[in-house]
Amino acid sequence: FDDDAFFIMPLEEIRDFAKKYKKLIKLPLCITGATPSTITKEKLSALVDSGLVGMRMGIQTAGEKTKKLYKRRYTNKQVEKSVKLLNEFRHRTEMPKFDFILDNPWETDDDLVESLNFLSSLPTPITLNFFSLLFYPPLFLSPKDEIKIGVYHHRVTIAHYLQLLLVVWLEVLPHHHSWLGSKFGWLFRVS
């Protein structure tokens, strides 16, 4: 299901859905949209019992300023709690996937570092999906978008470099944590 509001349903509706899904559909279930403020252990347990094998949740950013811009009304504590809940079921599901938005022309390097520090504090294993913030006129986040859009091209380079660095760190060099720690310890918490 690709529904960001799936977990907003009350627990009894989730349990009813899970029971019917398991009995009638009998296929693996993947929910490709969830928000941190609506996930509970009870809802996850019912869905995993019905065949939930994978899930994707939108984090988008850890920066408080950027969350306000995106109108994301959840805290980093709620995100952390949701990630921990998902990891409780990791023995029965795929690695959880989390969406993150890059290339925002109003995010400073400090905002990006704040988000990266938060990401590095989350329990692993996880999969991170990075997406570029794209503007489709006439839909803008604010009237300033048209004026500051020139900054966007510079930000793409920085964000893509950080994305590549994360991919290398998380996927290509999983057995070289000590080398990464010596080079990028200030940016990542490496154990």
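Predicted model: local features only at pLDDT ≥ 70, side-chain atom pairs only at ≥ 80, totals over all residues.
Visitor: Then which residues is Leu44 in contact with, leaving aside its neighbours within four places in sequence?
Guide: Leu44 touches Phe7, Ile39, Leu52, Met55, Leu85, Leu86 and Phe89.

Visitor: Which residues have the most contacts inside the largest nonpolar core?
Guide: They are Phe7, Leu44, Leu47 and Met55, in a core of 34 residues. At least two residues of this core come from each of α1, β1 (29-31), α2, β2 (52-60), α4 (76-88), β3 (97-102), α5 (109-121) and β4 (127-132).

Visitor: Let us stay with α2. Which of its residues are buried?
Guide: Lys43, Leu44, Ala46, Leu47, Val48 and Ser50 are the buried residues of α2. Their cover includes α1, β1, β2 and α4.

Visitor: And what comes just after α2?
Guide: Gly51 follows, with a positive phi of about 125°.

Visitor: How do the axes of α1 and α2 cross?
Guide: The axes of α1 (residues 11-25) and α2 (residues 41-50) cross at roughly 5° and come within 8 Å. The two helices are therefore roughly parallel to each other.

Visitor: Which residues make that contact?
Guide: From α1 they are Leu11, Ile14, Arg15, Phe17, Ala18, Tyr21 and Lys22, and from α2 they are Glu42, Lys43, Ala46, Leu47, Asp49 and Ser50. By class, the contact has seven nonpolar, one polar and five charged residues.

Visitor: A change of topic: how many salt bridges are there?
Guide: The count comes to nine. One of them joins the side chains of Glu12 and Arg15, at 3.1 Å from N to O. Both residues lie in α1, three residues apart, about one turn of the helix.

Visitor: Is Glu12 buried or exposed?
Guide: Glu12 counts as exposed, because its relative accessibility is 53% and the cut-off for exposed is over 50%. Arg15 is partly exposed, with a relative accessible area of 38%.

Visitor: Which residue does Lys20 meet in a salt bridge?
Guide: Lys20 pairs with Asp16, at 3.2 Å from N to O. Because they are four residues apart in α1, about one helical turn separates them. Lys20 is partly exposed at 46% relative accessibility, and Asp16 is partly exposed at 38%.

Visitor: What about Lys67: with which residue does it form a salt bridge?
Guide: Lys67 pairs with Glu64, their closest N and O atoms being 3.2 Å apart. Both belong to α3 (residues 64-70), three residues apart. Lys67 is buried, with a relative accessible area of 1%, whereas Glu64 is partly exposed at 40%.

Note on methods
Residues numbered from 1 in each chain as written. Heavy atoms only, no water. Axes fitted to C-alpha atoms, helices over the stretch in contact; angles between N-to-C directions. Parallel < 35°, antiparallel > 145°, perpendicular 65-115°, else oblique. Contact = heavy atoms within 4.5 Å. Nonpolar A, V, L, I, M, F, W, Y, C, P; charged D, E, K, R; others polar. Core = buried A, V, L, I, M, F, W, Y, C linked by side-chain atoms within 4.5 Å. Buried < 20%, exposed > 50% of the residue type's maximum accessible area, 1.4 Å probe, protein only. Salt bridge = Lys/Arg side-chain N within 4 Å of Asp/Glu carboxyl O.
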